[in-house]
Amino acid sequence: MDLELRHLRCLVAIVDEGTFTDAAIALGVSQAAVSRTLASLERALGARVLRRTSREVTPTATGLRVVAQARRVLAEADHLVLEATSGHTRLRVGYAWSAVGRHTAAFQRRWAKAHPGTDLHLIRSNSATAGLGEGACDLAVVRRPLDDRRFDAAIVGLERRVAAVSADDPLASDGSVRLSDLAERTLLVDRRTGTTTPELWPPDSRPATEETHDVDDWLTVISSGRCVGMTAESTAHQYPRPGVAYLPVLDAEPIVVRLAWWRDDPHPATQPAVELLTALYRTG
């Protein structure tokens with residue numbers, strides 16, 4: 001016999017309410033239905049989960065473990081339903097490192113004012129699709145093209161590239177750098193989501209690299225002086241850090257910022273989000 005959610009709901013109701021009668025009232029079914037559902041659950045599990053006397057109903061040792069797991073399963077099921085049915089009332093925007101930089105606060109405030117019926121949630125997810133491919137978000141801020149036909153995207157703006165160096169690095173006092181200033185340094189990169197690769201430099205003067213997958217680790221290593229970094233200017237706005245100086249890279253191409261979504265199942269708020277972010281980037 002297959003285990004069903006109704007079996008778990010029945011068990012949890014009995015434990016929470018204390019009696020079969022009260023569980024039946026809470027579930028809106030008959031007491032006989034509660035008894036049948038519990039019996040089906042115990043047959044499916046091959047174990048007793050409740051100890052029944054004339055005065056009380058208590059979980060067995062097995063029942064305690066099953067109830068704990070049942071609560072988690074039911075919570076996940078409820079969350080699944082919420083995810084599937086809240087498309088018009090919630091918009092989740094994923095990003096790998098730095099959301100939309102200096103526009104992040106304005107994006108949240110203006111969205112709340114213009115779309116009070118759709119809650120905006122920003123979610124950091126350090127994956128190649130900023131959580132879009134994993135189902136963690138409805139839209140994703142990405143700074144590399146998504147080579148995946150499942151997704152569509154629109155360009156919303158451009159960002160300068162900045163170098164990140166330790167505050168006591170000799171470069172920190174220069175105010176800006178060029179690619180050649182970093183060529184003999186060790187560059188700390190995130191190959192999974194980052195925008196910086198050795199290919200930005202000429203073939204005969206490319207820096208050595210080390211790899212990281214977390215912005216906090218990236219900042220910690222850079223502040224030590226062991227490596228330098230290069231990133232979108234949004235990172236500098238999102239993560240000011242004592243011990244790290246951000247410097248514009250004068251001869252590096254800007255970074256294209258895109259908003260991506262599922263091609264076959266776009267969120268209803270996709271176009272308004274694209275328009276708002278485009279307007280924010282356009283105004284600087």
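Biologist: Hi! Which residues have the most contacts inside the largest nonpolar core?

Modeller: Hello! In this predicted model, they are L91, V93, F107, W111 and L259, in a core of 22 residues.

Biologist: Nice. Which elements each supply at least two residues of this core?

Modeller: Strands β3 (90–95), β5 (139–142), β6 (151–159) and β12 (255–262) do, along with helices α5 (104–114) and α9 (270–282).

Biologist: And which one gives the most?

Modeller: That is α9, with 6 residues.

Biologist: Back to L91, then. What is L91 in contact with, leaving aside neighbours within four places in sequence?

Modeller: Quite a list: W111, T118, D119, L120, H121, D138, L139, H267, A269 and A273.

Biologist: What about a second core, which residues does that include?

Modeller: There is a separate one of 19 residues, with L41, V66, V67 and L74 among them.

Biologist: Switching to sheets: in what order do the 3 strands of the open sheet come?

Modeller: The order is β10-β7-β11, with antiparallel pairing. The edges are β10 (229–232) and β11 (244–248), each pairing on one side only. From one strand to the next, the twist averages 35°.

Biologist: Over how many bridges do β7 and β11 pair?

Modeller: Those two pair over 5 bridges. As one example, S166 has V244 in β11 as its bridge partner.

Definitions and conventions:
Residues numbered from 1 in each chain as written. Predicted model: local features only at pLDDT ≥ 70, side-chain atom pairs only at ≥ 80, totals over all residues. Heavy atoms only, no water. Core = buried A, V, L, I, M, F, W, Y, C linked by side-chain atoms within 4.5 Å. Buried < 20%, exposed > 50% of the residue type's maximum accessible area, 1.4 Å probe, protein only. Helix = DSSP H or I, 4+ residues; strand = E, 2+ residues; numbered from the N terminus. Contact = heavy atoms within 4.5 Å. Pairing = 2+ DSSP bridges. Axes fitted to C-alpha atoms, helices over the stretch in contact; angles between N-to-C directions.
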